[in-house]
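Trainee: I have a new model open and would like to learn how to read it. Please take me through it step by step.

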Amino acid sequence: MSPAPVTAKSARLVLDVQGVAHRFGGLRVLEDVNIAAPESQIVGLIGPNGSGKTTLFNIITGFIRPRSGTVSVNGRDVAQDSIQQRSRDGLLRTFQTPKVFDHMTVLENVMMGMHAHTSSGVLATMFAMPSARRELASTRASALQTCERFGIAHLAATRAGELPAGLRRVVELARAHQAKPKLLLLDEPSSGLSGPEIDTLRGWIRVFASEGTTVLLVSHDMGLMDVCDVVNVLYFGRVIATGPMAAIRDDQKVRDAYLGAA
Amino acid sequence: MAFARNKLLIAAVAVVALLLPLLLQRHYVDVMVFAGLYGIAGLGVALLLGQCGIVSLGQAFFYGIGAYSSAYLCVTLGLSPIFGIVVGAALSALIAFIIGWPILRLTGFFLALATLAIGMIGGILFYEWDWLTGGTLGIGGIPTLSLFGFELNTPQRYYYFVWAIFLVAIWLSHNLVTGRAGLAMRAMRDAPPAAEALAVDMHALKTKIFVLCAVLGSLAGSLFAHYATYVSVQSFTVERSIIFLLIPVIAGAASVWGTIIGALFVALAPELLSGLGDAHQVLFGLALVLVVTLLPEGIVGLPKLVMKRFGA
Amino acid sequence: MSWGLFWQAMLSGITNSFVYALIGIGLAVIFKGTKVINAMQGEFAVVGGIVTVFALQAYGVPYFPAALIGIAAGALLGLIVDILFVRPMMRRKAGEESFLLLTIGLAFTISAGLLYFVGRDSYLLPGIGGSGVVEMFDAFIPVHSYWLVGISVVVVILLRLFYTYSLTGLAMAATSIDPIGAATNGINVTLMRTYTFALGGAVGALAGILVAPLVSVNYHMGIALTLKGFAAAILGGLANPIGAVVGGLVIGISEALAVIGISSGYKDIAAMTVMIIVMIVMPNGILGRAGRRGG
């Protein structure tokens with residue numbers, strides 16, 4: 001009796017969560033959760049505190065293995081894969097508080113986005129093999145372009161740890177953009193951002209989708225959810241509604257469970 | 001402008017370094033040779049500390065493996081020195097891999113104390129396995145090295161040889177830390193979850209650097225054995241590991257070039273303080289404590305700290 | 001090997017295990033209060049032991065006050081370490097590895113200082129209850145060993161009572177669990193940390209005084225004591241004094257088995273190996289950890 005997911009469309013599913021359940025000790029936190037994210041769409045996941053959002057997020061990213069159910073990325077079940085395996089498969093997450101590399105420059109941070117797409121080993125790097133030097137040079141050039149695009153080129157040589165929260169988020173997004181993930185998971189990306197900064201964030205999320213990245217946006221910020229094609233509402237471990245934001249707003253169950261509470 | 005001045009400074013230092021053995025007394029050339037030897041071993045520790053945030057207190061173990069491999073293969077088995085150096089490095093790499101793979105799952109204090117325990121186990125084994133190491137009597141009569149028929153049998157000659165190797169090792173490390181692997185290392189030190197999310201295989205990377213550190217330690221140990229021509233357990237204690245660790249701490253671990261300063265410090269400071277007898281060790285320890293307490297970025301960070309406090 | 005020799009080795013291993021437990025408890029006290037692993041905990045023991053020896057033998061102080069002076073010396077050392085070094089580093093929020101480097105550096109300095117002031121000799125204290133022995137399982141156990149075990153058990157109980165019932169103990173525990181919360185409740189967090197270091201120093205010194213009659217103390221033994229105490233503490237899960245006693249027993253008995261099975265030279269190897277394996281296989285200690293980390 002799970003709510004019908006929007007799989008009817010012919011679009012390929014980049015993320016397909018089927019029947020995921022999880023419990024901590026005796027406490028059921030997720031029960032028969034189904035969420036689907038078709039290619040290049042922006043899918044939202046909202047729910048009040050304690051609804052199981054974070055647990056579900058951690059299951060999708062691989063920090064937690066679910067008790068039951070499948071998590072498919074590009075049609076392959078990754079529920080038991082490690083975090084690195086998932087990231088090599090094109091899954092990338094951001095963090096509630098932006099996790100930038102504090103002692104590295106902004107440019108180096110963005111360069112790190114390319115890690116999974118480059119291959120120079122320890123020895124090749126040490127002996128400055130031509131292949132390693134070429135790869136590094138092209139990584140740097142490409143990262144610099146990304147910095148320009150995100151409007152942080154003037155900060156390229158600044159240590160990321162010295163930046164204010166809003167810019168740290170931009171650096172994190174630029175790094176994510178450099179990684180060109182198939183599936184981008186954003187964990188409360190608007191936390192700590194000001195109004196205009198959130199507008200910019202909304203713009204970047206659309207850019208990701210328009211360039212072929214599927215986005216799963218986890219947040220309790222209803223305002224930000226406008227950017228989503230489809231929103232899933234999680235309440236006490238179950239998905240109680242799925243649909244476009246406009247429909248979600250009018251859904252009586254959601255009003256009772258979530259909007260009313262807020 | 002600043003760049004040209006830097007170049008000039010480097011050229012001046014290079015000239016002094018080249019002329020040094022001709023100007024110094026033999027004893028001080030000897031000290032400079034040890035600075036180079038310790039520097040090579042300390043560079044390995046610097047890579048672990050500065051790039052991966054790992055405190056290694058077991059480097060003397062690998063230093064010992066290199067030294068005993070050279071001593072045993074050359075003296076007891078009568079093989080050519082190159083075998084001792086290569087076997088020592090290979091053995092160190094293998095042991096570092098076998099030990100490193102499990103213990104590098106640990107972090108922070110726990111990892112550091114595990115390396116300390118390994119250093120102590122190593123010291124005890126060198127002592128107990130006297131059939132191999134000669135125990136406290138040690139192994140003497142280790143041949144000096146020769147390079148294309150050129151005997152490296154004086155401190156002056158060995159000075160050039162060891163420092164050339166040290167500088168090459170620094171250059172290789174410099175490439176490493178500024179390249180892809182170095183970025184990944186610093187990323188995992190700064191924010192492990194984010195590095196992992198970007199597909200950095202942290203455990204494999206740490207293990208590789210641990211192995212590299214061990215190989216540098218072993219190489220330094222082999223070179224030490226061929227210079228001193230005599231090795232015994234006293235050279236491979238935990239105190240020696242602490243001295244190797246001091247090199248990056250004193251200099252500021254983030255910079256691989258800083259290990260030169262650290263190496264000069266650990267070799268020269270005891271010499272300068274030796275007039276004080278046993279008290280020089282106390283001052284040496286205090287220097288470490290004061291640097292850790294007052295100079296979080298080591299001597300290399302000193303100008304910045306002074307600027308921040310008094311200047312601009 | 002005869003049963004007598006076997007029991008001799010086992011019982012002396014068990015006696016040693018209480019020394020390791022005491023060092024481990026000192027480490028755990030400091031870790032609990034400050035989240036710092038104190039790599040110079042063994043030096044507290046060495047300083048405590050040597051100060052007691054000098055008070056007793058060079059200045060003719062009677063046994064019991066001499067031991068108190070030794071304990072006070074350990075506490076004072078802890079106090080100085082905290083005020084001079086730990087405080088400024090806490091203020092600038094130094095990382096874990098900085099504290100490790102600090103305490104390793106202090107261990108090195110104190111060991112060198114002891115070498116300078118008291119030389120390479122080993123110092124022996126007379127045993128509590130004299131130098132007599134008691135026969136047990138065909139083995140001869142010094143009377144002092146019974147005192148050592150008894151005093152260790154009393155210390156474990158007293159510490160437990162201190163942390164559960166005394167206001168200072170509760171404040172010290174609160175400081176470590178939630179420094180900001182403790183500060184808002186009017187607890188002087190910095191002062192509590194100083195108390196913690198003094199207490200850790202006192203417990204460490206006591207361990208040194210108790211071990212001195214059995215194996216004597218010298219300038220060089222601190223680091224090995226630290227490691228074995230650390231082994232005992234992590235075996236016990238790092239927070240629990242009773243766990244440290246169990247951990248100490250595991251280390252002491254492993255050492256005894258190495259002595260019996262191989263030779264006395266391998267004693268330390270056995271202890272260190274057990275420590276490394278436990279850290280990897282049982283990161284929460286042999287007793288496990290009561291609560292999971294929330295989140």
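**Reading the model**

Mentor: Start at one loop: C:Lys35 sits between α1 (3–34) and α2 (41–57) of chain C. Helices here are DSSP runs of H or I with at least four residues, strands are runs of E with at least two, and both are numbered from the N terminus. This is a predicted model, where local features need pLDDT of at least 70, side-chain atom pairs count only at pLDDT 80 or more, and totals for chains, interfaces and linings use all residues. Residues are numbered from 1 along each chain as its sequence is written, chains are lettered from A and ligands numbered from 1 in the order in which they are written, and side-chain values use heavy atoms, with hydrogens and water left out.

Trainee: What is the phi of C:Lys35?

Mentor: It is positive, about 65°, although C:Lys35 is not a glycine. C:Lys93 also has a positive phi, about 55°, and is not a glycine. Find C:Lys93 in the loop between α3 (63–91) and α4 (96–118) of chain C.

Trainee: What is the mean pLDDT of chain C?

Mentor: The term pLDDT is the predictor's confidence in each residue, from 0 to 100. For chain C the mean is 85, and 96% of its residues reach 70 or more. Residues 290–295 of chain C fall below 50, and beyond near neighbours in sequence this stretch has zero contacts in the model. A contact means heavy atoms within 4.5 Å. Where pLDDT is low, the predicted coordinates should not be read in detail.

Trainee: What scores does the predictor give the complex?

Mentor: An ipTM of 0.86 and a pTM of 0.89.

Trainee: Which chains have the most contacts between them?

Mentor: Two pairs of chains touch, and chains B and C have the most contacts. No contact joins chain A and chain C; their closest C-alpha atoms lie 9 Å apart.

Trainee: How is the size of an interface given?

Mentor: Often as the accessible area lost when the parts come together. Here, buried area is what two parts lose on being put together, summed over both (1.4 Å probe). Between chain A and chain B it is about 2,700 Å², and carbon and sulfur atoms give 68% of it. On the chain A side, A:His115, A:Val122 and A:Met126 lose the most area to chain B, together 23% of what that side buries. The contact takes 34 residues from chain A and 28 residues from chain B.

Trainee: How many salt bridges are there between chain A and chain B?

Mentor: A salt bridge puts a side-chain nitrogen of Lys or Arg within 4 Å of a carboxyl oxygen of Asp or Glu. Between chain A and chain B the count is one. Its partners are A:Glu108 and B:Arg186 (3.2 Å, N to O). Several elements of chain A, including α2 (83–88) and α5 (130–149), each supply at least two residues of the side that touches chain B. The largest share of that side, four residues, comes from α2(A).

Trainee: How many salt bridges does the whole structure have?

Mentor: Over all chains, 17. Take A:Arg202 and A:Asp199, which meet at 2.8 Å, N to O. They are about one helical turn apart, because three residues separate their positions in helix α7 (residues 195–210) of chain A. A:Arg202 is buried at 18%, while A:Asp199 is partly exposed at 47%. Elsewhere, shared partners join A:Arg28, A:Glu31 and A:Arg238 into one salt-bridge network. Within it, A:Glu31 and A:Arg28 meet at 3.5 Å, N to O.

Trainee: Where does A:Gln178 lie?

Mentor: In helix α6 (residues 165–179) of chain A. Its relative accessibility is 1%, so A:Gln178 counts as buried. Leaving aside neighbours within four places in sequence, A:Gln178 has several contacts, among them A:Val110, A:His117 and A:Thr146.

How values were computed
Buried means under 20% relative accessible area, exposed over 50%, partly exposed in between (1.4 Å probe, protein chains only).
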